[in-house]
Amino acid sequence: METAKTMTTHGTHFENFFPFARPTLDDHEIEEVVSCLKSDWLTTGPRVKAFEEKLKAYHQAEHVVCVSSATAGLHLSLLALDLQPGDEVITTPMTFVATVNTIIHAGGTPVFVDIDPETLNLDTQQLEAAITPRTRAIMPVHFAGLPVDLDIYLELQEKRGIRLVEDAAHASGAFYKGKPIGSFNDICVLSFHPNKNMTTGEGGAVLTNDPAIADRIKKLTFHGIDREAWNRFGKTGQQGYDVLLPGFKYNMMDIQAAIGLHQIDKLDTFVKHRQALAAVYEEGLTNHPYCRIMGKPDYDYVHARHLFQIVLRENSPLTRDELMNALKERNVGTGLHYQSCSDFDYIKKQVPLPPQGLPISHYVGQNIISLPLHPRMEAEQAHKVIDILNEILKVSP
Ligand SMILES: Cc1ncc(COP(=O)(O)O)c(C=O)c1O
């Protein structure tokens with residue numbers, strides 16, 4: 001068989017298209033979903049309950065509410081804080097647009113703070129200047145799975161009452177100062193989209209140690225009803241219920257939880273695999289003439305390695321889109337995480353830029369590429385991606 005080193009006639013390439021992300025499922029998930037389908041109970045019920053218990057144990061969180069997506073979880077978290085029109089929520093423009101949309105859906109005003117070019121996480125040096133008397137919450141993203149410096153945010157919460165909502169869509173399996181993401185005294189939202197570190201098909205979870213917030217989110221998840229359907233339909237349940245809030249239909253189904261129940265058991269193995277692949281990329285791409293990789297913060301953390309990204313330098317012979325297309329031609333799938341949200345049409349109209357602009361986020365948003373990274377990929381394939389990248393950019397090893 002040809003290897004990355006021997007395939008030189010028409011340049012190195014993968015025989016078939018090599019996707020940048022793939023879910024990793026086996027018979028455990030498949031059999032559990034089949035059991036669920038045969039059980040007569042498809043929507044929120046015992047499997048969601050069991051999954052919430054497992055999430056609680058893994059994340060050391062006192063309360064967990066499973067929801068239909070992280071988008072739903074972020075939306076409900078902000079509603080649970082009872083934002084008032086004009087209340088400001090500070091966030092990063094380097095995120096999926098869901099983060100910003102949910103602030104607007106909840107009636108808040110997004111305020112952007114630029115990112116740190118080394119980590120791509122929100123630049124905490126610029127945080128103070130963005131805080132005003134209307135700041136109600138900060139929603140940082142643990143970008144690519146790298147935990148933000150949570151102590152800074154927790155101190156703002158404690159001393160100035162600015163609530164912390166962690167967008168941890170990338171961070172299942174990440175740790176900060178020895179504790180899992182989700183165990184801190186705030187609100188933390190996970191995503192179980194198929195590209196994420198663990199999946200339930202679609203889905204998410206809100207983790208908090210605040211019982212009042214958990215209770216409100218639970219009610220908001222299902223039409224503001226004061227009782228679960230599982231209880232109502234069971235032999236011991238009662239059909240009647242009251243409605244306490246104008247809630248949503250954001251509940252997770254047992255079919256989804258059937259997948260999650262087994263994914264969580266493998267999360268640490270998945271993350272270790274991702275870390276090993278990231279180490280291959282780091283070794284091959286450190287000091288690359290045309291692209292740079294992210295730096296390492298000096299606090300104690302475990303990177304969940306949801307994404308491995310390169311940012312093209314200004315001297316790159318190809319633009320980001322040209323490079324992504326050239327990689328696609330060689331059967332290498334890539335991802336774009338993300339264009340800066342501040343550059344999107346409606347957001348540009350609605351969210352003013354800070355006085356100094358958002359130059360780092362803007363540049364990164366035009367020059368970033370996510371390389372293939374998932375637990376079904378081998379180290380050899382990461383080496384091959386590097387070889388292909390170097391061939392395209394005409395960099396000799
Ligand atoms: C940073 C970030 N926040 C929020 C979301 C929304 O997650 P979901 O697709 O589960 O709604 C995503 C999804 O890609 C994300 O990457």
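Modeller: Buried means under 20% relative accessible area, exposed over 50%, and partly exposed in between (1.4 Å probe, protein chains only). This is a predicted model: local features need pLDDT of at least 70, side-chain atom pairs count only at pLDDT 80 or more, and totals for chains, interfaces and linings use all residues. Residues are numbered from 1 along each chain as its sequence is written, and side-chain values use heavy atoms, without hydrogens and water.

Biologist: Which residues are closest to the ligand?
Modeller: The ligand is surrounded by 15 residues, each with a heavy atom within 4 Å of it. The closest are T71, D167, S191, K196 and Y338.

Biologist: How many Å separate a polar side-chain atom of Y338 from an oxygen atom of the ligand?
Modeller: Pairs of N or O atoms within 3.5 Å count as polar contacts. S191 places a polar side-chain atom 2.8 Å from a ligand oxygen. For a side-chain N or O atom of K196, the distance is 2.7 Å. For Y338, it is 2.6 Å.

Biologist: Which residue forms a salt bridge with D265?
Modeller: A salt bridge puts a side-chain nitrogen of Lys or Arg within 4 Å of a carboxyl oxygen of Asp or Glu. D265 is exposed, at 51%. The closest N and O atoms are 3.0 Å apart, and the partner is K54.

Biologist: What is the relative accessibility of K219?
Modeller: K219 meets D215 in a salt bridge at 2.8 Å, N to O. D215 is partly exposed, at 40%. K219 counts as buried, because its relative accessibility is 16%.

Note on methods: Polar contact = N/O pair within 3.5 Å; in protein donor to acceptor, adjacent residues only side chain to side chain.
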